[in-house]
Amino acid sequence: MDPYKYRPNSEYNSTHWTTNTGMPVWNNNNSMTVGVRGPVLLEDYHLVEKLSNFDRERIPERVVHARGAVAKGFFEVTHDISHLTCADFLRAPGVQTPIIARFSTVVHERGSPETLRDPRGFAVKFYTREGNFDMVGNNFPVFFVRDSIKFPDMVHALKPNPKTNIQEPWRFADFFSHHPEAMHMFTFLMDDEGVPKDYRHMIGSGVHTFKLVNGEGRETLIKWHWRPTCGVANLATPEEIAEVQGANHQHATADLWDAVASGDYPEWGLFIQTMDPADEDKFEFDPLDVTKVWPEDRFPLQPVGRMVLNKNPDNFFAENEMLAFSPGLIVPGIAYSDDKLLQGRIYSYSDTQRYRLGGNYLLLPVNAPKCAHHNNHFDGVMNFMQRTEDVNYFPSRYDPARNSEKYPVVTAPLAGRRERAVIPKENNFQQPGERFRTFDPARQERFITRISEMLLDDGCNAEIRRVWVGYLTQCDADLGKRVAQKLTAKSAL
């Protein structure tokens, strides 16, 4: 008998019940007892194993992005950008790469409704010939804070009160009253886009600035953008939200599954914005600041390819709960920028997966590369990789593996003092004001109503409200005035 033929795989299921070790189970309905009525015997190994396995079925849910839906498919290059990058999966039009995509809410727990006002995660794992590339973003092109040192505080403020376990608006109104850079993010969160109709009808954004590196080593700053071919749609009114949530609290997951199952495959176009690093300091904003967008009239969207989702997951736990993303996973031809939030996420995302799934989480089938790979990362808890090598060190005359061929990398020199400081070009209010002024009157009124309702929470004091009105006034004088009027009407200023 080949001991490696029957590896853990449901395709090799026996026709009868067994224990995890393969021992036949002739009665899976009754525990072993003394007499017909009991008590139960501890020697009933099958009972103990069954209960013990059940007790451990759940793993820690993600701290953020806990509620999510997954689909698989492919990415196809449609436009040549080989002059910008030597990334193999972007080498030419027509090249296809298998992918898995996960869409999620951010703040709320795994069983929460998908109609809550919240950013949405938009993450895609590309299984390329040169390793896995994770494009980890959101449905908004900006973020709340620009420095990763504030990320834990931000999440704590948005999560439920640790005393009451209730999400309370005064907590995030208080926190963000100290962070004026969040105003731009709030023009998305409190806008109609704060509750997408479903996952198929929302945009995606890489949020951060990355670099593309071509074969000659030339660097280009870029932003990633996804655009749904079916268009963007939101749940704009409380009545729309209540109607959908009342019918199905997991409507977005069901919509994605049903679309794929019916052959109405969701599709997004991938676009980039590009900037010459030499121009980095020529604008009124910092291009690496995640609280800013690159205006499309100055940095137009350039098409790259398309993503098509044509297969549902085979198993929710294996391909959703154990699916792990990290913006640190890149491939040759793609590089990090100096974005302060990105720099922290490079570490933190992989670290949280090691806590949640274990140190060998990249061996799990959904996370493992689909190309040949080799290293000396041996052993550890739950390392199930079959290895037969005699040598587990490098270099060695007994192991033919060598360093890969060198590929172009970022070579820009770094210099400066050690600092803990805010970036020089904060410019916190220009872009949120510009965005607010693009809203039609009805959309403006809905936005103002949502902001005012947050600030009218009983926990907010007059100082917090005054700070917010001051920030909003700096964004747009009419916006600040109209929010102040709503607060004054309730004697809240």
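**Spaces, packing and backbone**

Reader: How many cavities of 30 Å³ or more does a search of the whole structure find?

Author: This is a predicted model: local features need pLDDT of at least 70, side-chain atom pairs count only at pLDDT 80 or more, and totals for chains, interfaces and linings use all residues. Residues are numbered from 1 along each chain as its sequence is written, and side-chain values use heavy atoms, without hydrogens and water. On a 1 Å grid over the protein atoms alone, a cavity is a set of points where a 1.4 Å probe fits but cannot get out, and lining residues have an atom within 4 Å of a point. With a cut-off of 30 Å³ or more, the number of cavities found is one.

Reader: Which element gives the largest share of the lining of the largest cavity?

Author: The space in the largest cavity is about 180 Å³, a volume being what probe spheres set on the points fill, with points joined across faces, edges and corners. Its lining has 20 residues, and His65, Asn138, Phe143, Phe151 and Tyr349 lie nearest the centre. E4, H2 and H8 each supply at least two lining residues; helices (H or I, at least four residues) and strands (E, at least two) are DSSP runs numbered from the N terminus. The largest share, four residues, comes from H2.

Reader: How are H2 and H3 oriented to each other?

Author: Asp153, Met154, His156, Ala157 and Leu158 of H2 meet Arg171, Phe172, Phe175 and Phe176 of H3, contact meaning heavy atoms within 4.5 Å. The axes are 7 Å apart, at an angle of about 150°; they are lines fitted to C-alpha atoms over the stretch in contact, and angles run from 0 to 180 degrees between N-to-C directions. Under 35 degrees counts as roughly parallel, over 145 as roughly antiparallel, 65 to 115 as roughly perpendicular and the rest as oblique. H2 and H3 are therefore roughly antiparallel.

Reader: How many residues apart in sequence are the parts tied by Phe144 and Phe186?

Author: Rings of Phe, Tyr and Trp (its six-membered ring) pair if their centres lie within 6.5 Å; planes under 30 degrees apart are stacked, over 60 edge-to-face and the rest tilted. Phe144 and Phe186 are edge-to-face, at 5.7 Å centre to centre and 65° between the planes. Phe144 sits in the loop between E4 and H2 and Phe186 in H4, so the pair ties together parts whose separation in residues is 42.

Reader: Which element supplies the largest share of the lining of the second largest pocket?

Author: A pocket is an open set of points with protein on both sides within 12 Å along at least five of seven lines. The second largest pocket has a volume of about 1200 Å³. Among its 45 lining residues, Asn132, Leu329, Ile330, Val331 and Tyr336 lie nearest its centre. Three lining residues, the largest share, come from E10.

Reader: Which residue has a positive phi although it is not a glycine?

Author: Most residues other than glycine have a negative phi, and most peptide bonds are trans. In the loop between H8 and H9, a positive phi of about 65° is found at a residue that is not a glycine: Asp379.

Reader: What is omega for the cis peptide bond joining Phe394 and Pro395?

Author: Pro395 lies in the loop between H8 and H9. The cis bond that joins Phe394 to Pro395 has an omega of about 0°.
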